[in-house]
Amino acid sequence: NQGGLAEIHPGARIPGSEFNGSMPPDPHIAVSDDYIVEVTNTVMAFFDKHTGVKFFEQQFTDFFAGGGLPSFQFDPRVIYDRTNERFILMALAVGFGTSESYLIFAVSDDDTPLGWERYVLDTVVTDIDENSFWSDYPMVGYNHQAMLVSFNMFPFETGGAFGTTWSIPTELLFDNLPATNPTATRFDTKFSTQPGDTNDGTTDFVYGAAIRNTGSLSIFVFSDLDTLAPGLAETTLLIPPFSNSGGRAPTLGGAEVDKISGRLMDSAFHDGKLYTVHTVAGPGGHSAARWYEISVAGFVDQFTGGAVSLSQVGNYSMKNSSLLQPAIGVNDHGDVSMLFTRTGPNLPLQWWVTSRTTEDPNNEFSAPLMMDLSPGLYSFAQGGRWGDYFAVVPDPDGETFWGVGELARVDGLWSTTMYS
């Protein structure tokens with residue numbers, strides 16, 4: 001799956017956040033014309049994009065102080081809405097003893113991370129048997145009208161796990177609506193539903209996907225997102241069967257890291273195509289990155305024609321190693337970049353990228369390029385946790401990509417780096 005001809009040209013390298021007591025880091029980034037916002041468990045950091053200088057760093061608990069929120073805050077995400085020129089950063093706050101669960105998020109005042117409006121959304125779901133559920137593992141997508149955030153829901157006491165997605169009209173956020181319980185609509189979706197990032201400023205839908213089983217995906221379209229009554233439609237897409245890559249992957253030094261298989265890890269939309277990616281079983285007992293290009297342009301709602309179809313698919317693998325926590329992004333030209341951790345019994349943890357252009361052969365990415373190599377060996381003290389996710393996002397220039405990944409320091413704990 002490495003027959004593509006795209007050439008990858010490394011640009012800036014910016015050291016990111018360091019271990020701060022939380023594991024794993026869950027690094028995520030967003031990029032504007034002049035700034036980078038990186039979020040990790042449990043810190044946000046702001047950088048000058050042109051110099052790489054970090055000029056602000058703060059714990060989420062301090063940034064969102066004063067609201068009586070649970071102190072357990074985790075799973076951060078951040079986006080940059082290019083159309084409306086705003087950053088939106090977020091995390092979850094859960095109190096297990098008090099049965100509280102919130103999405104806490106902040107919207108920048110403009111295209112800089114210098115001023116923010118803060119919001120709190122109560123995400124507790126109660127079923128007909130009065131069982132209460134808390135939100136985990138947020139997955140975020142957006143267009144010029146709304147932000148979509150999906151959660152995996154787990155019971156505080158009894159009940160089964162399920163997936164849900166919230167739609168939040170961003171126009172109301174930019175008008176500084178009340179900070180508590182902002183206007184939002186909740187949909188029942190699938191476990192680990194990944195809404196796609198949509199940067200074109202014109203598409204009035206957000207498309208998403210979730211693994212239905214090892215031979216099919218659920219494809220979602222969210223519509224009427226600028227209203228208080230958005231719509232949702234779902235269809236099933238058959239895919240080449242895959243096997244999950246369970247357990248952990250060995251790395252140099254004898255430690256093992258989570259593979260996190262069986263769920264989609266990231267998605268992005270451009271020009272009628274939805275791109276998404278996850279980990280599958282690969283050659284020789286290792287893990288591979290399975291990626292999809294899905295044609296969704298005609299899928300508007302359950303009443304309108306235009307079938308969803310699988311345009312491209314591939315299992316991307318590298319010899320004698322496992323590829324983990326893949327992320328995927330697409331720029332304004334339709335070029336696609338995929339980022340992942342590579343590891344193996346004789347390899348230190350490292351992160352790589354591969355890309356394809358619209359001129360590359362179908363189902364093929366280019367030969368990969370290593371972006372960074374861990375200076376140390378992974379420590380068992382992290383309990384096998386690695387990731388849980390990374391990010392690769394397009395720059396507002398429409399061409400460049402930015403990625404963030406995790407490394408093992410010489411003391412065995414984590415650090416992050418960002419590259420263009």
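Modeller: Two strands count as paired if DSSP finds at least two bridges between them. Keep that in mind for strands 30 and 31. This is a predicted model.

Biologist: Why are strand 30 and strand 31 called a pair?

Modeller: The cut-off is at least two bridges. Strand 30 and strand 31 (residues 401-408) have four, in the antiparallel sense. They therefore pass as a pair.

Biologist: What makes strand 30 covered on both faces?

Modeller: Ala391 and Val393 are buried on one side. Val392 and Pro394 are buried on the other. The general rule is that side chains in a regular strand alternate between the two faces of the sheet.

Biologist: Which sheet holds strand 30, and what makes strand 30 an edge strand?

Modeller: The sheet is open, has four strands and runs in the order 1-32-31-30, with antiparallel pairing. Strand 30 (391-394) pairs on one side only, and strand 1 (13-18) likewise. Those two are the edges. Neighbouring strands in this sheet are turned by 20° against each other on average, ignoring direction.

Biologist: How do you know that strand 1 and strand 32 pair?

Modeller: Count the bridges again. At least two are needed, and strand 1 has four with strand 32 (residues 414-419), antiparallel. So the two strands are paired. Pro15 stands opposite Thr417 in strand 32.

Biologist: Why is the contact of Asp372 with Arg13 called a salt bridge?

Modeller: The limit is 4 Å from a side-chain nitrogen of Lys or Arg to a carboxyl oxygen of Asp or Glu. For Asp372 and Arg13 the N to O distance is 3.0 Å. That is within the limit, so the contact qualifies. Asp372 is in strand 29 (residues 369-373) and Arg13 in strand 1, 359 residues apart.

Biologist: How many salt bridges does the structure hold?

Modeller: 13. Arg248, Asp258, Arg385 and Asp388 are linked in a network of salt bridges.

Biologist: Why is His28 called buried?

Modeller: The value is 8%, under the 20% cut-off, so His28 is buried. His28 is found in strand 2 (residues 28-31). The residues that His28 touches include Val37, Pro76, Tyr389 and Val404. A polar atom of the His28 side chain lies 3.2 Å from the backbone nitrogen of Val78. The limit for a polar contact is 3.5 Å.

Biologist: What makes strand 6 and strand 9 edge strands?

Modeller: Their open sheet has four strands in the order 6-7-8-9, with antiparallel pairing. Strand 6 (73-81) and strand 9 (116-122) each have a single partner strand, so one side of each has no neighbour in the sheet. The twist averages 20° from one strand to the next. Seven bridges join strand 6 to strand 7 (residues 86-95). Gln73 stands opposite Ala93 in strand 7.

Biologist: Why is the aromatic pair of Trp134 and Phe154 called tilted?

Modeller: A whole-structure search finds 27 aromatic pairs. In this one, the centres are 5.6 Å apart and the planes stand at 40°. The distance limit is 6.5 Å; under 30 degrees would be stacked and over 60 edge-to-face, so this pair is tilted. Trp134 is in strand 11 (residues 132-142) and Phe154 in strand 12 (residues 146-155), so the pair ties together parts 20 residues apart. Trp134 is buried at 13%, while Phe154 is partly exposed at 24%.

Key. Residues are numbered from 1 along each chain as its sequence is written. This is a predicted model: local features need pLDDT of at least 70, side-chain atom pairs count only at pLDDT 80 or more; totals for chains, interfaces and linings use all residues. Side-chain values use heavy atoms; hydrogens and water are left out. Buried means under 20% relative accessible area, exposed over 50%, partly exposed in between (1.4 Å probe, protein chains only). A polar contact is a pair of N or O atoms within 3.5 Å; within protein, one must be able to donate a hydrogen and the other to accept it, and residues adjacent in sequence count only if both atoms are side-chain atoms. Contact means heavy atoms within 4.5 Å. Axes are lines fitted to C-alpha atoms, for helices over the stretch in contact, and angles run from 0 to 180 degrees between N-to-C directions. Rings of Phe, Tyr and Trp (its six-membered ring) pair if their centres lie within 6.5 Å; planes under 30 degrees apart count as stacked, over 60 as edge-to-face and the rest as tilted. Lists of a residue's contacts leave out its neighbours within four places in sequence.
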